[in-house]
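Colleague: Hi, could you walk me through this model? I'd like to start with the metal site.

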Amino acid sequence: MSPTILVVEDEPEIRHFLRSSLGAEGYRVVESPNGRRGEVDAGMHKPDLAIVDLGLPDFDGIQVIRHIREWSTMPIIVLSARIQERSKIDALDSGADDYITKPFGVGELLARVRVALRHAAQPPAGKELSFGEVQINFEARRATRDGEEIHFTAIEFRLLACLAKHLGMVVTHRQLLQEVWGPTHAQDTHYLRVYMKQLRDKLEPDPVRPRYLLTETGVGYRLVADD
Ligand code: CA
């Protein structure tokens with residue numbers, strides 16, 4: 001059965017683009033032109049994933065996300081314009097799983113959708129993860145690179161585990177700081193920079209040009225593994 005995707009977006013051209021791009025991949029698309037309709041359609045169609053625009057005519061996309069999150073864990077991807085940087089982060093902190101910035105291409109759209117659906121079908125809370133020459137066993141808290149044991153500090157390991165839990169998807173600074181350092185450190189983004197550098201030094205073939213531990217400027221970080 002093909003997954004159903006709810007598209008909450010007021011601009012007809014973007015809706016059309018989403019419908020044809022997603023439809024061509026075999027997804028079933030439900031379109032909602034405003035927030036109120038989006039909430040109704042989410043409840044009525046029980047989609048497998050929602051794409052929610054932040055700038056809607058009746059109310060804020062973040063509100064739609066919060067309402068969906070009250071009853072559903074369906075993956076939600078935010079559509080945002082460049083000027084909505086702050087709202088985009090709020091949307092992610094309010095329960096959205098990932099974002100796409102307008103204008104976007106079909107390749108990026110489909111990649112985000114695939115990762116989010118895969119994640120929902122099978123959360124990568126599993127024991128093992130590998131990328132490049134690196135193999136990590138989260139249960140045993142051990143990792144190797146090219147067969148050589150890598151040593152992590154407790155914080156480094158927690159940070160890596162948090163990113164791996166959202167494999168392929170963005171995790172905001174706030175989410176990482178709260179989960180790894182605790183709620184009183186939600187603003188301490190310099191911790192993240194320091195520890196991300198340490199992780200990259202240990203895991204990346206070229207730490208200055210990371211392939212796996214990616215920076216989402218102003219938003220957070222994303223761990224991607226080989227497909
Ligand atoms: Ca809009």
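Colleague: How are the donor residues of the calcium ion spaced in sequence?

Modeller: The spacing reads D-E-x41-D-x1-G. Glu11 sits in the loop between strand E1 (4-8) and helix H1 (12-24), while Asp53 is in strand E3 (residues 49-53), so that pair links distant parts of the chain, 42 residues apart. Helices (H or I, at least four residues) and strands (E, at least two) are DSSP runs, numbered from the N terminus.

Colleague: Which atoms are the protein donors of the calcium ion?

Modeller: They are Asp10 (OD), Glu11 (OE), Asp53 (OD) and Gly55 (O), lying 2.1 to 3.2 Å from the ion. Donors here are N, O and S atoms within 2.8 Å of the metal (3.2 Å for Na, K and Ca); water is not among the atoms, so sites may look incomplete.

Colleague: Before I go on, what should I know about the model and its numbering?

Modeller: This is a predicted model, where local features need pLDDT of at least 70, side-chain atom pairs count only at pLDDT 80 or more, and totals for chains, interfaces and linings use all residues. Residues are numbered from 1 along each chain as its sequence is written, and side-chain values use heavy atoms, with hydrogens and water left out.

Colleague: Thanks! Back to the site: is Asp53 buried or exposed?

Modeller: Asp53 is buried, with a relative accessible area of 2%, whereas Glu11 is partly exposed at 31%. Buried means under 20% relative accessible area, exposed over 50%, and partly exposed in between (1.4 Å probe, protein chains only).

Colleague: New topic. How many salt bridges does a search of the whole structure find?

Modeller: The search finds 18. Each is a side-chain nitrogen of Lys or Arg within 4 Å of a carboxyl oxygen of Asp or Glu. One of them joins Arg15 and Glu31, with the closest N and O atoms 3.0 Å apart. Arg15 is in helix H1 and Glu31 in strand E2 (residues 28-32), 16 residues apart.

Colleague: What about Arg222 and Asp98, how far apart are they in sequence?

Modeller: Their side chains meet in a salt bridge (2.7 Å, N to O). Arg222 lies in strand E12 (residues 220-223) and Asp98 in strand E5 (residues 98-101), so the pair ties together parts that are 124 residues apart in sequence. Both Arg222 and Asp98 are buried.

Colleague: Which residues cover the two faces of E5?

Modeller: Asp98 and Ile100 are on one side, Tyr99 and Thr101 on the other, and all of these are buried. Strand E4 (residues 76-80) runs parallel to E5, and four bridges join them; two strands pair if DSSP finds at least two bridges between them. Asp98 is the bridge partner of Ile77.

Colleague: Last one: which residues touch the most other members of the largest nonpolar core?

Modeller: Leu160, Leu203 and Leu223 do, in a core of 28 residues. A nonpolar core is a set of buried Ala, Val, Leu, Ile, Met, Phe, Trp, Tyr and Cys residues joined through side-chain atoms within 4.5 Å. H6 gives the most to this core, with seven residues.

Colleague: And what is in the second core?

Modeller: That separate core has 23 residues, including Val8, Leu54, Leu56 and Ile68.
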